[in-house]
Structures are given as structure tokens and as C-alpha cells.
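Visitor: I have a model open beside its sequence, and I would like to learn how to read it feature by feature. Could you take me through it with care?

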Amino acid sequence: MATRKSGPLDAMVGARISMLRVSRGMSQAMLAERIGVTFQQVQKYERGANRVGASRLSQIASVLGVSVGELFESSGAGSPGLKSPVRLLAEPGALRVLKAYARTTSPRVRLCIAKLVESIASRTPGVKATVAMFNAVDRGERRKFPSRG
């Protein structure tokens, strides 16, 4: 009898489930309750540690309001990795950061946010300089708009 190990496709489907769930403001516990499993099982699906059976996949798609095919949307792009937008958005906090970035209208502030996050991610000594630059932009924005808080 062949063993059923999860693979890259399972990880991609799990990342897609996570991204869709988060974008709908649904917790893992809420999704689990609606599909009849524990939240730990949903965690395993989202990490790609456990495979999602066909009937369970259909239930998940229904709860998330998408077609089963949409859970496989990125499957043609090769194996999921850190460069996959679906995988990136499934990272904890990623959607929150992206929503906050989208609310920012100043191109200079957006650039500073990107540089700050990149600097933190690479753990370079330039973090302090980037934060100082962000503060300088913030002060400049306040001078242009003195009525803002």
C-alpha cells in the first residue's frame, strides 16, 4: 500500500486556504468548526503537513466562498516558495502589513516602509538609518500638512 505523504502541491493549497481565510477575517477555529475538524487540523492543512481530501477540500471551498479550482490557482507556476505571492500573503501578518501599506498615500513614505522592512529582514546595521530617514519624512509630511495630528 502506497503511503500518502504531503508534497509541494499540498503546501500551495494550504497557503491558498490560509490566505483566503485571513482575507475573510476568519480564524482557524471558525473555519474548523464550519468544516467539522479541530483548529489544529486546519493548521496542519494550511502548513501543508496534512493532505486535504477531496470532500474536505470541497467543504473548505464552500465555506470560503470560492470554487475548488481557485484553491489550486497557482499550481501551474511550479513549486511554491517564498517568491510565490500566495505563499507570501499566507505568512502571519503579511496581509496586515500590505493593507497598512496600501492605506499610505505618500510615495516617499511607501519607499521608506519598504526599505525599513527590507533592512529589518536582512538584519543589517542600516535599520537605525532607515528609521531616522522615516522620521525625517514624517516630519516633512507634518510641515506640509500642519493641521494633521
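Guide: Let us start with one local detail, keeping in mind that this is a predicted model. Just after helix 2, Gly 36 takes a positive phi of about 80°.

Visitor: Before we go on from there, what does the secondary structure of the protein chain come to?

Guide: The protein chain has eight helices and zero strands, so that, read from the N terminus on, its elements run α-α-α-α-α-α-α-α. Of the 149 residues in the protein chain, 30% are buried. Among contacts with a separation of 6 or more, 56% are between residues 24 or more positions apart.

Visitor: Returning to helix 2, which of its residues are buried, and which are exposed?

Guide: The general idea is that an α-helix has 3.6 residues a turn, so residues three or four places apart point the same way. In helix 2, which spans residues 28-35, the buried residues are Gln 28, Leu 31, Ala 32 and Ile 35. These residues cover an arc of only 100° around the axis, which puts them on the same side of helix 2. Glu 33 and Arg 34, on the other side of helix 2, are exposed.

Visitor: What do the buried residues of helix 2 pack against?

Guide: They pack against three helices, namely helix 1 (8-23), helix 3 (39-47) and helix 4 (54-64). The loop between helix 2 and helix 3 holds Val 37, which counts as buried because its relative accessibility is 19% and the cut-off for buried is under 20%. Leaving out residues up to four places away in sequence, Val 37 touches Ala 32, Val 42 and Arg 56. Val 37 and Arg 56 are 19 residues apart along the chain, and their C-alpha atoms are separated by 9.6 Å.

Visitor: How should I read charged side chains, and how many salt bridges does a search of the whole structure find?

Guide: Side chains of opposite charge can pair when their charged atoms come close. Here the search finds two salt bridges. One of them is formed by Asp 10 with Arg 51, whose closest N and O atoms are 3.5 Å apart. That pair links distant parts of the chain, since Asp 10 lies in helix 1 and Arg 51 in the loop between helix 3 and helix 4, 41 residues apart. Asp 10 counts as buried at 16% relative accessibility, whereas Arg 51, with a relative accessible area of 44%, is partly exposed.

Visitor: And which side chains meet in a salt bridge of 2.6 Å, N to O?

Guide: Those are the side chains of Arg 21 and Glu 46. This pair also links distant parts of the chain, with Arg 21 in helix 1 and Glu 46 in helix 3, 25 residues apart. Arg 21 and Glu 46 are both buried.

Visitor: What lies in the loop between helix 6 and helix 7?

Guide: Thr 104 has its place in that loop, and it counts as buried at 16% relative accessibility. Not counting residues up to four places away in sequence, Thr 104 touches Val 109, Arg 110 and Ile 113, and Ile 113 is also one of the residues lining the largest pocket.

Methods
Residues are numbered from 1 along each chain as its sequence is written. This is a predicted model: local features need pLDDT of at least 70, side-chain atom pairs count only at pLDDT 80 or more; totals for chains, interfaces and linings use all residues. Side-chain values use heavy atoms; hydrogens and water are left out. Buried means under 20% relative accessible area, exposed over 50%, partly exposed in between (1.4 Å probe, protein chains only). Helices (H or I, at least four residues) and strands (E, at least two) are DSSP runs, numbered from the N terminus. The arc is that of the directions from the helix axis to the C-beta atoms. Contact means heavy atoms within 4.5 Å. A salt bridge is a side-chain nitrogen of Lys or Arg within 4 Å of a carboxyl oxygen of Asp or Glu. On a 1 Å grid over the protein atoms alone, a cavity is a set of points where a 1.4 Å probe fits but cannot get out, and a pocket is an open set with protein on both sides within 12 Å along at least five of seven lines; lining residues have an atom within 4 Å of a point.
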